[in-house]
Amino acid sequence: GKNEYDLLVVGGGSGGLACAKEAAQFGRKVAVLDYVEPSPQGTAWGLGGTCVNVGCIPKKLMHQAALLGSALKDAKHYGWNISQPVHHTWSVMAQGVQNYVKSLNWGHRVQLQEKKVKYFNVKGSFSDPHTVRGLTKAGKETVVTADNIVIATGGRPKYPMHVAGAMEYGITSDDLFWLKESPGKTPLVYYSYIVFIKIVVYICLTGASSDVSLECAGFLTGIGLDTTVMMRSVPLRGFDQASHISKKKQICFTTQQQMASLVTEHMESYGTKFLKRCFPTKVEKLKSNRLQVTWKNADLGTEETDSFNTVMWAVGRAPDTKTLNLETVGVKTNSETGKIVVDASEATSVPHIYAIGDIAEGRPELTPTAIAAGKLLAQRLFGRSSELMDYDNVPTTVFTPLEYGCVGLSEEAAVQRHGSDNIEVYHAYYKPLEFTVAERDATQCYMKMVCLRERGQRILGLHFIGPNAGEVIQGFALGIKCGATYPQMMKTVGIHPTCAEEVTKLHITKRSGLDATVTGC
């Protein structure tokens, strides 16, 4: 044809790269455009998108650092003699994490080369429906034409523009994972020791930002930083009552407020401070180089201030579409969210232009769904497949100090869809065996299974708070995806002694009002 490429992918994140590599498997000529606009604080990174560089990967590794800190506290109860006090060195952790991320950046470059996918490190914008004009950092122009174009540019953190000094003095998750020095380290060079170690994280609790912020607050607390979370409303709201709507049906892979409350209760007991129903009005830099935050307390009707070393914003993410010139080619977006409107086949309003991942309206902001959707799209375009991505029963986990994993419907969503009389909720408070000798508080270790009350009792959702929640939920997700029922779960033999086995023993219903605390083996 007249176009140079069979497929052009704009955006080198997990979804875009998966789509490009899958298309190349079919012998098609494929190109990828990727460009990272530095954050307002100047942070930039390599190929791989949010997950690899400023999301899942560094977040989980820093979460692991915090878990090791907790393990050190437990160790003495198990006979280990560890000299006190124990100190954490941010720069050592950061260097290790950043080196690993850079190795992934390089790995993606190599894979594209091996699969003969052309990589352009340019910022792209549409000239016409089949043409993307790209500019390098130096301003050199590249023009690429393709029969099919996939937009996979993802999103970037928002700043609360109504807060004076927000962008000038604050950071976001785009910056946190690339800091070489601790965000709690005082910038005053004439102190011979750290006088204050304080960071405040402000969350607006919409979309995926609230779980990221709580995860960050959790690991910052875990490595010994004085961390405060300031939040305007309820925790994990976007993870809870928000649901994703498709044309045919409601899709909900969110949790509910009960679970969110348990997560934050544990974080408070763990040492994270919470300023609830508070919202900042300005950030000012003091002569000491510390940041003074002024906020309003909605409950008390007062104005309050405190100073911090670092202010991190987690007020939501915006789709990265500003420079794409979508209006010119007729690609429709949702005026409220800015996301690209797609159908079940990921197609936009322009037939040969598609959108996948975080940038697509009504899709979960999760790496594995973007990867799967990208692969399936390539198979439909070039492999004679007709299989669509199924966004139902997608499992996910929030890596807070006490992890929270879920799959399927929340209790609220199940009641809304089927009616409270048709829903049965089995639940249990349990104590992980690992917590016993160390005498750790297990008050918030909890699980529940949401089922239909009809004869088959199909499982609609499973929610788990406790150690290794992601590992636990992943296995059960297969069963729920396959239509598992409560009677089948009760016939499943648990592995003893594990936390996951408690799922196979759930027998107390919320409706009964009985004590759901697990006792004995």
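Author: Start with Asn 393, which sits in the loop between helix H10 (367–382) and strand E19 (396–398). Helices (H or I, at least four residues) and strands (E, at least two) are DSSP runs, numbered from the N terminus. This is a predicted model, where local features need pLDDT of at least 70, side-chain atom pairs count only at pLDDT 80 or more, and totals for chains, interfaces and linings use all residues. Residues are numbered from 1 along each chain as its sequence is written, and side-chain values use heavy atoms, with hydrogens and water left out.

Asn 393 is not a glycine, yet its phi is positive, about 50°. Most residues other than glycine have a negative phi, and most peptide bonds are trans. Asn 393 is partly exposed, because its relative accessibility is 25%. The scale is simple: buried is under 20% relative accessible area, exposed is over 50%, and partly exposed is in between (1.4 Å probe, protein chains only).

Gln 457 also has a positive phi, near 50°. Gln 457 lies in the loop between strand E22 (446–452) and strand E23 (459–465). Gln 457 counts as buried because its relative accessible area is 14%.

Now the peptide bonds. His 496 and Pro 497 are joined by a cis bond, with omega about -5°. Pro 497 falls in the segment after helix H14 (486–490). Another cis bond links Gln 84 to Pro 85, with omega about -5°. Pro 85 belongs to the loop between H3 and H4.

Those helices pack together. The axes of H3 (residues 56–75) and H4 (residues 90–114) come within 10 Å and cross at roughly 150°. Axes are lines fitted to C-alpha atoms, for helices over the stretch in contact, and angles run from 0 to 180 degrees between N-to-C directions. From H3, Ile 57, Pro 58, Leu 61, Met 62 and Ala 65 meet residues of H4, including Trp 90 and Leu 104. Contact means heavy atoms within 4.5 Å.

The largest nonpolar core holds 40 residues, and Met 449, Leu 462, Phe 464 and Val 503 have the most contacts inside it. A nonpolar core is a set of buried Ala, Val, Leu, Ile, Met, Phe, Trp, Tyr and Cys residues joined through side-chain atoms within 4.5 Å. Helix H13 (residues 469–481) gives the most to this core, six residues. Beyond its neighbours within four places in sequence, Phe 464 contacts Met 259, Tyr 430 and Cys 499, among others.
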